[in-house]
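Student: I have a new model open and want a quick tour. Can we start with the inside, then look at the pockets?
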Amino acid sequence: MQELVAELLKGNRRAAARMISLVENDDPQKRELLKDVYPHTGNAYVLGVTGAPGSGKSSLVDWLLKQIRKDDLTVGVIAVDPTSPFSGGAILGDRIRMQDHALDSNIFIRSMGTRGSLGGLSRATREAIQVLDAFGKDLIIIETVGVGQSEVDIVKTADSTLVVLTPAGGDSVQTIKAGIMEIADIFVVNKSDLPGADKTATEINTMLDMKNDQAWRPPVVPTVSVSNEGIYELWSAVQEHRRHMEDSGRLLEIRRERVRRELTEQVEYLVKNRIWDRVKEKIELESLVEKIVKRQKDPYSSAGDLLSKIKFYDQDSEEGD
Amino acid sequence: MTEKMIRVLVAKPGLDGHDRGAKVVARALRDAGFEVIYTGLHQTPEQVVETALQEDVDVVGLSILSGAHMTLVPRIKKMLAENGMDEVLMIVGGIIPADDAAELINSGSAEQVFTPGEPLDNITEYISSKCKSNMQS
């Protein structure tokens with residue numbers, strides 16, 4: 001295992017690919033691995049790209065990559081597509097748009113299925129970011145699944161978030177709805193060669209100007225990703241937002257918040273595992289389930305009983321079995 | 001709690017522009033519960049191999065209708081091995097004459113060749129059973 005981490009830090013692409021598979025498959029060695037990887041993370045900037053299915057996220061990422069590489073940055077891309085709730089399978093097709101970069105050794109692209117996660121990312125996106133960060137990528141781009149209105153996990157993961165919209169996406173009420181319209185650091189109106197693009201941009205701008213006490217006022221950038229229009233402006237906007245995040249101290253703030261959340265989740269994970277290990281050791285769960293099904297017991301007091309039996313509560317710790 | 005997911009790269013190397021078959025197979029693999037990475041048309045062997053590496057796939061499925069299979073398949077197989085991916089299961093689909101198919105298999109370039117008319121279930125079951133026995137060994 002340590003060998004794998006050493007290879008990753010040396011920049012071995014196969015080691016990076018393998019390690020992402022291990023974290024994605026929830027391998028028993030995952031936590032040990034991530035522990036070794038963690039000291040080498042924290043250097044990459046994370047850019048999120050989200051928007052509806054077919055809004056052009058992958059094509060935008062493709063063109064952004066071309067632009068970004070002019071600045072000589074190394075880039076990791078994590079492209080998420082939906083996993084079938086029925087078969088568990090997935091078609092991961094975001095790469096189709098990005099294959100021009102397949103042979104650029106400074107770009108590493110990985111496709112991931114959501115595997116049951118509902119917030120627009122995959123279950124292991126965050127861990128995969130850590131792997132690519134330690135792998136030495138300067139910038140990591142996360143392309144979410146095609147989202148609707150409320151899959152906004154990306155905002156908890158990315159340092160800057162692009163929301164990609166297209167013309168004719170509904171009337172101006174759509175722009176004041178909660179959810180995805182609130183998370184953008186930069187709005188992109190892609191397919192801006194289509195009719196209605198100006199109207200869409202105006203409606204977003206109007207919505208943004210309803211609020212005037214903002215430290216950062218998201219810009220609205222029109223793009224046509226098939227013909228590389230607006231990409232330079234988009235990349236400039238990303239860099240400007242990054243400068244704002246760094247100079248204002250906001251970046252440190254959200255990263256601290258992220259660490260706090262991560263720590264909470266890890267504690268909860270360990271507590272949960274410990275509880276269930278002990279419950280399974282001591283209690284015949286199925287017979288309890290049967291009793292609840294037959295209405296002989298209820299789930300509310302049964303949960304409390306369970307925890308008493310494994311001496312989870314302090315006051316019970318002095319009593320015998 | 002390990003849940004090993006079978007990942008399959010479906011790639012179309014070379015110059016033919018017909019991806020209907022590849023898409024039908026990709027869809028069937030999805031329905032069989034695999035993660036399918038589809039990369040679109042006109043891939044070079046280098047692109048196929050690099051994608052297989054970055055995506056850490058268990059299976060590479062090549063769809064070739066152009067007649068260039070005797071060049072492309074051995075080349076890709078060799079490059080996979082050079083990149084430490086000898087264990088990746090290589091299967092080929094498309095318009096492949098029976099003699100060529102036999103030669104690809106006998107020479108070790110491909111594990112199996114599927115041609116038009118093959119029931120989709122045969123392909124998915126083949127991959128399932130092969131990958132499971134690989135994981136156990």
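Student: Leaving aside its neighbours within four places in sequence, which residues is F187(A) in contact with?
Tutor: This is a predicted model, where local features need pLDDT of at least 70 and side-chain atom pairs count only at pLDDT 80 or more, while totals for chains, interfaces and linings use all residues. Residues are numbered from 1 along each chain as written, chains are lettered from A, and side-chain values use heavy atoms, without hydrogens and water. With those sequence neighbours set aside, F187(A) touches V163(A), L165(A), M181(A), I204(A), M207(A), L208(A), P218(A), P219(A), V220(A) and V221(A). Contact means heavy atoms within 4.5 Å.

Student: Which core has F187(A) among the residues with the most contacts inside it?
Tutor: The largest nonpolar core, with 43 residues. L8(A), M19(A), I78(A), I142(A) and I204(A) are also among those with the most contacts inside it. Such a core joins buried Ala, Val, Leu, Ile, Met, Phe, Trp, Tyr and Cys through side-chain atoms within 4.5 Å.

Student: Which helix gives the most to this core?
Tutor: Helix α2 of chain A, residues 13-24, with 6 residues. Helices are DSSP runs of H or I, at least four residues, and strands are E runs of at least two, numbered from the N terminus. There is also a second, separate core of 29 residues, including L64(A) and V164(A).

Student: New topic. Is T161(A) buried or exposed?
Tutor: T161(A) counts as buried because its relative accessibility is 1%. The cut-offs are under 20% for buried and over 50% for exposed, with partly exposed in between (1.4 Å probe, protein chains only). T161(A) sits in strand β6, residues 160-165 of chain A.

Student: Now pockets. What volume does the largest pocket have?
Tutor: About 1200 Å³. A pocket is an open set of points on a 1 Å grid over the protein atoms alone, where a 1.4 Å probe fits, with protein on both sides within 12 Å along at least five of seven lines; lining residues have an atom within 4 Å of a point. Volume is the space filled by probe spheres on the points, which are joined across faces, edges and corners.

Student: Which residues lie nearest its centre?
Tutor: Of the 30 lining residues, R126(A), E127(A), E262(A), E265(A) and Q266(A) do. Helix α10(A) supplies the largest share of the lining, 10 residues.

Student: And what volume does the second largest pocket have?
Tutor: About 750 Å³. Closest to its centre are E182(A), I183(A), A184(A), D185(A) and K211(A). Here too α10(A) gives the largest share, 5 residues.
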